[in-house]
Structure formats: C-alpha cells, structure tokens
Amino acid sequence: MFVKLVYSVTCSVCLFVLVQAGNIGYKCVTPNGEVATCTSYFQCDVIRNAVAQRVEGIQEFYKKSLCGREGNLPLVCCGSVAKETQIEPPPSCTTPNGEPAGCISLSLCAIMSDAMQTLNNDDAKQFIKDSECGYNNETQEVLVCCGSEAYPLRTNLLPNRSVCGNQTGEIRIHGGTETKIWEFPWMALLRYKYNDSNEDAGYNCGGTVINNRYILTAAHCVHPHQPIYPYEIRLGEWKISSPEDCEEGKALNCADPVIDLQIEEKIVHPQYYARRGNNDIALLRLNRNIKFSNYIQPVCLPVREASDSSVGSTMTVVGWGIIENDTTSDVKLKLEVPIVSRAYCSNKLRDIGSIDSTRICAGGEAKKGICGGDSGGPLLRSSNENSNNSKLVKWFQEGIVSKGPGCGIRGYPAVYIRVAHYIDWIIENLKEF
C-alpha cells in the first residue's frame with residue numbers, strides 16, 4: 001500500500017502472498033489427520049526414508065505435509081507414517097488454558113517436551129502436570145493434552161483459549177487480499193480528531209480487542225505529541241463506507257451493526273521512545289464493556305515464555321491500509337509476510353537502532369508490505385494451520401505494527417513490537433471491569 005499519511009508511521013496490506021505458514025516445534029496435522037510436530041525435513045526420518053526409497057505416492061504425501069520453511073530448508077508435519085491412510089485422531093481434551101487439543105503421549109508433544117528442558121521452571125512443570133489426560137500402558141508413557149503452549153495464563157483479566165482467537169465460518173481462504181466479513185473479528189479502528197479544531201480526522205490507526213474492556217495498539221498511535229488524538233474505537237467493521245456489511249454467497253450474509261465506543265483511558269508504555277520506536281505499545285480502556293458476537297471477538301495473546309518466531313515462517317497482517325492507488329482501503333485486508341532475522345533487519349534499518357528481542361521483523365518483498373494507516377494493528381499467527389477443523393484453529397497476536405521504511409520496498413522489512421515480551425506490562429496495566 002502506498003500512501004503518505006502524515007500521522008502514521010506504517011501501514012498494512014498491499015498484495016497477498018501465498019506462503020504456507022509453519023514454525024519448528026509447533027503442533028500441526030498430517031495429511032492423515034494425525035496430530036504431529038512441524039520439523040525439518042532432514043530430521044523427519046519417516047518421510048525422508050520414504051522419499052529415499054521412492055515409496056509409491058510419497059511425493060504427493062510430502063507436498064501435503066509441508067508446513068513452512070526455516071531459511072531455505074523445508075519443514076514437514078512429521079507423523080508416524082509416510083503414506084495416506086486412515087489414522088484414528090487422538091481423544092479430544094482441553095488444556096489448562098482452555099484450548100481445545102488432543103490427548104497424546106508427552107514425548108510427541110514437542111512444546112511440552114521442550115518446556116521440560118527449561119531450568120527449574122515450576123510454572124511449566126505444574127502446567128504439564130495439570131495437562132495430564134491419561135496413561136499409555138503399552139508405551140508406559142503419560143498422556144498430555146497437547147495444545148500450542150506449555151505455560152499458564154497468569155491473569156483472569158485476559159480471556160482463556162476457549163474464548164479468544166476464534167472466528168466463525170470455514171478455515172480462512174488463501175489467495176486474495178480481501179477478508180471475509182467474519183475473519184479477524186478482533187480488529188479495531190481508531191478514530192481521531194484534530195487538536196486545534198476538534199474536527200474529525202478520520203481513522204488513522206488499528207488495534208485489537210484483547211478482553212471486554214481493552215484495546216491493544218501502538219504507542220505512536222496514542223502519544224499526545226501529535227496534531228491529532230484518538231477519541232473513539234470502532235468494532236465489528238469490515239467495509240468502512242457501507243452502513244451494513246454484507247457478502248454475496250449462496251444467500252445474502254450480513255454482519256451485525258458496528259459498535260463505536262469512547263476511550264476512557266490511554267496507557268502509553270513509560271519507556272516509549274518515538275524516534276526509534278522502542279516500547280511502541282499502548283492500551284486503550286473503553287468507557288464500557290464490549291459485548292462479544294460473531295463479528296467482535298478477542299484475540300489470544302501469547303504467554304511470556306512463547307518461543308520466538310522462526311526465520312522464514314510466515315504470519316498475517318490485517319488492516320485497512322493504503323492500497324495501490326494511494327487511498328486507504330475501504331475493506332479489511334490481509335497479507336502474509338515472512339519473518340526475517342533481527343540481524344538482517346538491524347542492518348537494513350540502521351536509523352532505528354539495533355533490533356533486539358522486544359521486536360520482530362517481517363516482510364521485505366517488493367510491493368507487498370505495510371505502509372500507512374495500519375499502525376497499531378496485529379501481526380498474527382494461527383495454530384493448527386493445516387487442520388481441516390476450524391474449531392481447532394486459534395489466532396495469536398505475535399506483534400504490533402510499529403515502523404516501516406516505506407511501502408513494500410524490496411529488501412526492507414517492517415518492524416513489529418513483540419507482544420510476548422510485554423505480557424507482564426499488559427497484565428499490570430489492566431484493571432477490573
């Protein structure tokens with residue numbers, strides 16, 4: 001997207017790139033419906049050996065098993081067999097964090113197995129104990145409810161995994177910039193007024209619903225040293241110009257009316273540094289509670305121990321950013337962006353200083369990136385990307401749109417605030433509602 005907004009540092013979605021998402025160690029689902037782990041092809045003996053032995057049908061099975069890339073190396077969903085067959089899915093269960101999952105052997109649950117290796121982490125040990133869901137007499141192994149995390153939520157002011165990160169309808173459709181009206185129901189629009197005239201200045205930033213009362217956004221969208229200030233939050237929006245959002249399908253499908261709420265309190269991170277974008281995170285407390293619906297839902301926030309995003313994996317940016325004709329998009333858009341290393345990012349974006357673990361870098365493809373209007377919006381990861389069961393898919397907000405060098409400049413990624421690093425700060429600044 002290619003607009004030059006005076007008040008927004010970055011933007012959102014330009015063109016959609018189809019790259020299958022996946023991260024090493026994350027849970028995935030094989031072509032047989034088996035819950036497994038996304039791992040390097042070269043470490044998945046069952047698939048690698050089948051390829052070497054030219055087992056019938058292995059090439060097609062291999063393609064269907066791909067779950068991402070780590071640099072130039074392919075990742076595969078590594079299960080117990082390398083041929084298409086009917087495998088009984090594991091018994092369903094619910095994790096201590098409220099996430100729907102499968103009851104499997106502890107050794108097959110990579111995220112918990114890895115957590116067991118951490119030094120003296122009592123939280124992880126207790127979480128694993130609370131996750132026990134049976135015992136396999138044949139292998140003499142404990143069974144655990146294996147979801148997408150191995151650490152507990154530490155507050156009841158954020159919704160558990162049974163509530164957050166859900167969207168109605170089928171699994172999201174790859175291959176286009178426009179979202180469906182039911183996609184990403186946690187998206188919020190920040191509406192502004194001019195400081196000098198108090199006249200309306202339109203929508204200039206995005207944000208996300210994280211519970212019944214709070215919006216998560218970027219500090220530069222809220223900081224008072226601006227000619228405009230946010231005063232209102234719009235929820236449940238899809239097409240801004242339309243008084244009623246409808247999609248044509250087999251039958252006319254219309255969303256609920258949008259909701260506009262006033263901002264009661266603005267909380268900017270005390271160490272926010274505008275010039276370089278350090279600690280570019282803020283919370284907005286609304287003047288009344290949000291009533292959730294199919295079109296307004298909270299996103300899941302990661303636990304503070306969440307693993308770092310692997311280089312080469314892809315995530316999703318969503319918003320109403322600038323499009324090719326230099327105008328703000330009227331419809332909510334989405335874009336897949338690849339994660340790049342912090343070293344590469346620091347080298348390319350030297351004016352904002354070294355990129356440390358508080359930030360994530362993604363993008364860098366020509367004409368495909370963020371540019372203006374979507375600052376404060378989310379960088380999203382979905383769990384169980386390959387699952388055909390939409391009820392098993394959860395969306396987690398990994399980042400907040402913060403800074404970018406321009407609009408889709410080849411080789412120059414954008415910078416996002418890493419949400420996991422700020423979970424304690426977020427929790428400390430939430431009040432009862």
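A residue is called buried here when its relative accessible area is under 20%, exposed when that area is over 50%, and partly exposed in between (1.4 Å probe, protein chains only). This is a predicted model in which local features need pLDDT of at least 70 and side-chain atom pairs count only at pLDDT 80 or more, while totals for chains, interfaces and linings use all residues. Residues are numbered from 1 along each chain as its sequence is written, and side-chain values use heavy atoms, with hydrogens and water left out.

With that cut-off, C44 counts as buried because its relative accessibility is 0%. C44 forms a disulfide with C78 (a pair of cysteine sulfur atoms within 2.5 Å), and the two sulfur atoms are 2.1 Å apart. Because C44 lies in the loop between β2 and α1 (45–52) and C78 in strand β4 (residues 73–78), the pair ties together parts that are 34 residues apart in sequence. Helices (H or I, at least four residues) and strands (E, at least two) are DSSP runs, numbered from the N terminus. By the disulfide rule the count comes to nine, and another of them joins C246 and C254, with sulfur atoms 2.0 Å apart. Here C246 is partly exposed because its relative accessibility is 25%, and C254, at 26%, is partly exposed too.

The loop between β1 (27–29) and β2 (35–40) holds N32, which counts as buried because its relative accessibility is 8%. The side chain of N32 makes polar contacts (pairs of N or O atoms within 3.5 Å; within protein, one must be able to donate a hydrogen and the other to accept it, and residues adjacent in sequence count only if both atoms are side-chain atoms). It reaches the backbone oxygen of K83 at 2.9 Å, and a polar atom of the N32 side chain lies 2.7 Å from the backbone nitrogen of T85.

Strands pair if DSSP finds at least two bridges between them, and β17 pairs with strand β18 (residues 333–340) in the antiparallel sense over six bridges. Two bridges also join β17 to strand β20 (residues 378–382), again antiparallel. The bridge partner of V317 is L335 in β18 and L379 in β20.
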